[in-house]
Amino acid sequence: RSIYRILISGYVRAGLINLAIQTFNEMIDSGCRVFGIDYNRFIGVLVREHYFDMAEHYYRMMMSQGFSLSSFTYSRFISGLCKMKKLDSIQKLLEDMDKINAVPDIWAYNIYLNLLCNEIRLDMALEVFETMKKKGRNPDTVTYTTIINGLCKAQRFQTLVGIWHEMMKVGFCPDNVACGTLIFGLCKHGKVDLAYVLLMGMVKGQIQLSSSVFNALVSGFCRVGRVDKAQAIVSFMRRNGCKPDIVTYNTLLNYCCSELMLVEAEKLIEKMERNGIRPDRYTYNQLIKGFCRANQLDKAYSLMINKMEVEGLCDVVSCNTLIAALCRTRRMGMAYKLFEEMDRKGVKPDVITFSTLINGFFREGHADLAEELFDQMLGSGLVPDAVVYTTMIDHLCKTGRIELARSFFIDMIEKGIPPD
RNA sequence: CGACGUGAUUUUGGCAA
């Protein structure tokens, strides 16, 4: 046994995992007694190397012999399985831990909670959240942030407010990450007034709120069309010692550009430059969008060529924005020319570029060109997404080519892209 | 033996419309 142990640990240290596995198997077959500690160490290694199926196999083996893992190894095991989203395996491990009165560490809990929240198993997450408290494993700021994020996603706002206050009552002062999660999550669902109230409650707190937290709120108010309020928040952050940054300006600018307020947009640019902030590619791309919406494609194009390209800021978004505008105004020839130009500029087209063009050609009745582009996209190694498939399927259906549409649908599922 | 984990804010594409 000692010799096997030495061999295995040597192989592990040398990174020769397969040899270690082979040796471990020999150890089992040799008839010498294999102890819980051997399984523990070995499973620990397998988990670290992401050999989860194998780890589960040996885990079952050791369990049937009446052994169990240390809570350290259990915690690592659970964390690892979270990455693989193996919910029932995790469930089983938690039950087994419970039987021996072991409690997962805070890391394992947080990772598990995050998985549950992302899989929209919110109720289960809340259960686990309660369980961990009962077991004496107290939530930390990360735990709360994770739960808040989940509650926002599930739009459970009343519960959210409750937990937010519970957190402070327990004595946790939320950090900027937690505040950002809260504000962003609420704003994403249009709950801007609630976000505002809760944030104001934080202003007097111990932490200096970061500009990104404010920016999230500014963006929220812009999106629901309440610019006045957005502006007020910008003044507020200034008064509270938090300088508006490039993102703040870009957020306001985006609103102007979406609403065709180009004069306002110009003013904003001047203002930001006066404050010593240089426009970045977001700034320019938003301006391009503004010009496009105002039907000034020539201005948009010259901005891209004369400003962005000179500063090395021209990117795929700039091109996509222009191509979309050209498609919308039925100038497919020019759209395609710009597409070809991207290659010369060294800007790689992405899935969005292709969807835009495909949609444009279909609308103009050039199904052949659209289909060619789809193949070209696959050929260039781009990974298609649900949008580009929907575009294809939609047009094929609407032009009566149901069977072909169906084959695209099957194709997309086979590629592991879930239809929405 | 302690790896791995949480939100971060602003720009471009389809259908449902």
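## Protein and RNA strand B in a predicted model

A base nitrogen of RNA strand B lies 2.8 Å from a polar side-chain atom of Ser212, a polar contact being a pair of N or O atoms within 3.5 Å (within protein, one must be able to donate a hydrogen and the other to accept it, and residues adjacent in sequence count only if both atoms are side-chain atoms). This is a predicted model, in which local features need pLDDT of at least 70 and side-chain atom pairs count only at pLDDT 80 or more, while totals for chains, interfaces and linings use all residues. Residues are numbered from 1 along each chain as its sequence is written, chains are lettered from A and ligands numbered from 1 in the order in which they are written, and side-chain values use heavy atoms, with hydrogens and water left out.

| Side chain | Atom of RNA strand B | Distance |
|---|---|---|
| Ser212 | base nitrogen | 2.8 Å |
| Asn250 | base oxygen | 3.1 Å |
| Thr321 | sugar or linking oxygen | 3.3 Å |

Around RNA strand B there are 47 residues, of which Trp107, Asn110, Val247, Gln286 and Ser355 come nearest; a residue is near the strand if one of its heavy atoms lies within 4 Å of it. Of the atoms of RNA strand B that come within 4 Å of the protein, 37% belong to sugar and phosphate. Helix H23 (residues 386–398) supplies the largest share of this surface, 6 residues, helices being DSSP runs of H or I with at least four residues, numbered from the N terminus.

The largest nonpolar core has 140 residues, and Ile43, Phe77, Tyr112, Trp164, Ile183, Leu357 and Ile358 touch the most other members. Such a core is a set of buried Ala, Val, Leu, Ile, Met, Phe, Trp, Tyr and Cys residues joined through side-chain atoms within 4.5 Å, where buried means under 20% relative accessible area, exposed over 50% and partly exposed in between (1.4 Å probe, protein chains only). Helix H7 (residues 106–118) gives the most to this core, with 8 residues. Leaving aside neighbours within four places in sequence, Tyr112 is in contact (heavy atoms within 4.5 Å) with residues including Cys82, Leu87, Met124 and Val128.

Tyr284, in helix H17 (residues 281–293), is buried, with a relative accessible area of 5%. Although Tyr284 and Met304 are 20 residues apart in sequence, their C-alpha atoms are 7.8 Å apart in space.

Note on methods
Helices (H or I, at least four residues) and strands (E, at least two) are DSSP runs, numbered from the N terminus.
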